[in-house]
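Biologist: I am new to this one. Walk me through its charged pairs, please.

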Amino acid sequence: MKKRFLSIALTLAMVSSMAVGCGSSKSDSADSKKEETKTEAFADSDSNQILFNGSSTLAPVITSMATTFFDTYGTWDAYDSSLPKEDIAIYVSAGGSGQGTKAVIDGTATFGMVARSVKDEEKEAIKDEKEYQVGIDALTIAVNPANPVNDILDDLTTEQIVGLFSGEYATWKDLDSSLPDEEVVVITRDINGGAHEVFQKNIMGDTEVKADAIQASSMGELVQDIIDNQYAIGYASFGVANQNEGKVTPLKVNGVAATKENILDGSYIIQRPLLLVGSGDPTDVQQAFLDYVLGDEGQKTVEDMGFIPMK
């Protein structure tokens with residue numbers, strides 16, 4: 001029963017930006033009260049429940065770790081005898097990196113999942129801000145494998161990327177006369193996503209992405225939109241692109257491919273950290289799961305899911 005409960009909690013959390021409760025209620029008012037109570041419990045440092053909120057890129061990674069952790073141990077004391085004899089309760093919800101830091105600032109999440117650097121103003125707003133780097137990701141400039149651009153250009157300059165995403169090149173033919181006269185369908189993350197900020201800073205600069213770009217609500221949705229549209233282009237996460245190998249084609253940027261080696265040595269310029277952000281020192285229960293996330297088993301999950309681990 002415990003296994004089924006956690007599994008349901010994690011699954012529901014992935015399709016909702018709200019904290020997940022259990023049981024049923026008799027009215028909307030009761031639902032609201034229960035949600036308020038559970039949110040307060042998450043913010044309570046004495047609670048043995050852990051809530052992660054934020055990056056849609058990092059959420060599936062933490063969900064996978066949490067599921068394996070629960071399936072292996074079930075209760076906190078089974079992992080470490082000094083911990084409470086209580087069921088492991090870990091909740092994961094995705095709403096974008098900005099939502100992750102906001103949840104920590106508001107005290108409604110234990111940890112924010114952030115797929116970019118934490119801003120100075122966020123660090124100032126989070127009391128005794130702590131960061132834990134889970135892995136490294138990058139943004140690949142990805143197209144559909146059936147896009148004829150793959151036969152003509154496997155390498156785009158920063159200027160060409162800006163032209164495609166800003167709408168300067170309205171059709172693929174505008175990029176290269178040998179390409180079809182088909183609209184360039186631009187896929188981006190919404191403005192709450194860490195990817196949006198990383199791409200704007202590292203590639204677009206002061207130039208805005210065109211107004212009619214399709215804004216995906218998650219990185220998984222962004223990659224699926226590229227898979228579904230022959231003439232799409234988007235900035236797909238390195239890890240999520242690896243999970244969909246053969247379904248999307250990453251292009252080189254300024255002659256540099258998005259490989260693990262090029263990301264680590266900094267020659268591939270569109271990269272970002274995968275962070276957990278908290279407030280103050282973690283409790284024993286929180287530290288136990290952090291140790292798992294940052295340890296060998298958690299880092300293997302990071303690598304298995306296509307990202308670059310820290311060890």
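Modeller: One definition to begin. Partly exposed means a relative accessible area between the buried limit, under 20%, and the exposed limit, over 50%. The model is predicted.

Biologist: Is Lys 130 buried, exposed or partly exposed?

Modeller: Lys 130 has a relative accessible area of 25%. Buried needs under 20% and exposed needs over 50%. Lys 130 is therefore partly exposed.

Biologist: Which residue pairs with Lys 130 in a salt bridge?

Modeller: Side chains of opposite charge can pair when their charged atoms come close. For Lys 130, the closest N and O atoms of the pair are 3.5 Å apart.

Biologist: How many salt bridges does the structure hold?

Modeller: Lys 119 with Glu 197 is another, with the closest N and O atoms 3.1 Å apart. The structure's count is twelve.

Biologist: How many residues apart in sequence are the parts that Lys 119 and Glu 197 tie together?

Modeller: Lys 119 lies in the loop between β3 (111–114) and α6 (120–125). Glu 197 lies in helix α10 (residues 194–204). So the pair ties together parts whose separation in sequence is 78 residues.

Biologist: Which helix holds both Lys 300 and Asp 304?

Modeller: These two form a salt bridge, with the closest N and O atoms 2.8 Å apart. They sit four residues apart, about one turn of the helix. The helix, residues 296–304, is α15.

Key: Residues numbered from 1 in each chain as written. Predicted model: local features only at pLDDT ≥ 70, side-chain atom pairs only at ≥ 80, totals over all residues. Heavy atoms only, no water. Salt bridge = Lys/Arg side-chain N within 4 Å of Asp/Glu carboxyl O. Helix = DSSP H or I, 4+ residues; strand = E, 2+ residues; numbered from the N terminus. Buried < 20%, exposed > 50% of the residue type's maximum accessible area, 1.4 Å probe, protein only.
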